[in-house]
Amino acid sequence: MKIEWKKITIRDLAAVISDVLRKNGIEVTLVGGACVSIYAKNKYISYDLDFITKSSLKELVPILGELGFKRKDGRLFENPECKFLIDFPAPPIAIGNEPVLEFKSLRTKRGIIILLTPADCVKDRLAAYFFWGDRQALEQAVLVTRSNRVNLTKIRKWAEKEGGIEKFKIFQKKLVAKA
Amino acid sequence: MLEALLGNATIEKILFFLETYGQGYPKGISRTFNISVNGIQQQFRRLENGGIVVSFLEGKTRLYKFNPRYPFLKELRAMLARAMEFLSKKEMAQYYRKRTRPRKPGKPL
């Protein structure tokens, strides 16, 4: 399948990258804003794809190089034809103080994407809001919650443990407010 | 003290600095310890790539802090605090007891 880098969507790119790396024996998990874009049906567009892998970056360089992505700085890869940057933040995958052990597998026409579940995606965004007061992250948590089935009781319990209950209440108010 | 574990003495100094002051920028840390700015920047890149610190632009200065989302932060900071108990009084006074409370402009430091 020919890839048009200029027009590719974030979901297709995530699938292409996941697929090519998996075929080379490298497992990756998509986290961060790209999960928001996918779960919120592009109501929010991220331009970064953050993948977590236990493989070394040296292993990734030749494989991504074949797709035109060159290592730019640190853990970032860039293809001048493509508007999205690919980043490989250091493992482990954690939200707050908790490790993330369960993921969602999303089948697309370009391949399978392993990514955070919608509930963990909401927690990930809320963690950014709790720690840094990032209002964009709060809006993203609202978008994902509105577009997916997530257990808010569990998220509330998690927020209590993370010391973010007051900010969780603000999140709840935003959820019921008019879009 | 933790050099063997952390890889080098510069990174230990940076982490002790952040543990003490909560934040820092390469030039300031470089002046404190009389280490090259490049050396500090290189170690900050390493720490940032590892998710241990995050950076923000404040004006034209890149300011570094511990990443509150680093899952082992509590344990790391506990270890740093414990290791710092072994610093000499001289080192403590020289590097880790700088004035951090406000000071009006014009008043002598």
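**View 1. Six helices and three strands make up the secondary structure of chain B.** The model is predicted. Along the sequence, the elements of chain B run α-α-β-α-α-β-β-α-α. Chain B has a radius of gyration of 14 Å, close to the 13 Å from the globule rule for 109 residues, so it is as compact as a globular protein of that length. Its C-alpha trace spans about 45 × 35 × 25 Å along the principal axes. Of the 109 residues in chain B, 41% are buried. Contacts between residues at least 6 apart in sequence include 51% that join residues at least 24 apart.

**View 2. The largest nonpolar core holds 58 residues.** A:Leu30, A:Phe69, A:Phe88 and A:Leu126 have the most contacts inside this core. Helix H1 of chain A, residues 10-23, gives the largest share: seven residues. Another core lies apart from it and has 28 residues, including B:Tyr21, B:Ile40, B:Met92 and B:Tyr96.

**View 3. Surroundings of A:Phe69, with neighbours within four places in sequence left aside.** A:Phe69 is in contact with A:Trp5, A:Leu13, A:Ile17 and A:Leu64, among others. Its contacts also include A:Phe77, A:Glu78, A:Asn79, A:Cys82, A:Phe84 and A:Ile86.

**View 4. Strands E8 and E9 of chain A form a hairpin.** Two residues lie between E8(A) and E9(A). The strands, residues 104-108 and 111-115 of chain A, run antiparallel and are joined by five bridges. A:Arg107 stands opposite A:Ile112 in E9(A).

Notes
Residues numbered from 1 in each chain as written. Chains lettered and ligands numbered in written order. Predicted model: local features only at pLDDT ≥ 70, side-chain atom pairs only at ≥ 80, totals over all residues. Heavy atoms only, no water. Pairing = 2+ DSSP bridges. Helix = DSSP H or I, 4+ residues; strand = E, 2+ residues; numbered from the N terminus. Core = buried A, V, L, I, M, F, W, Y, C linked by side-chain atoms within 4.5 Å. Buried < 20%, exposed > 50% of the residue type's maximum accessible area, 1.4 Å probe, protein only. Contact = heavy atoms within 4.5 Å. Rg over C-alpha atoms; globule rule 2.2 N^0.38 Å.
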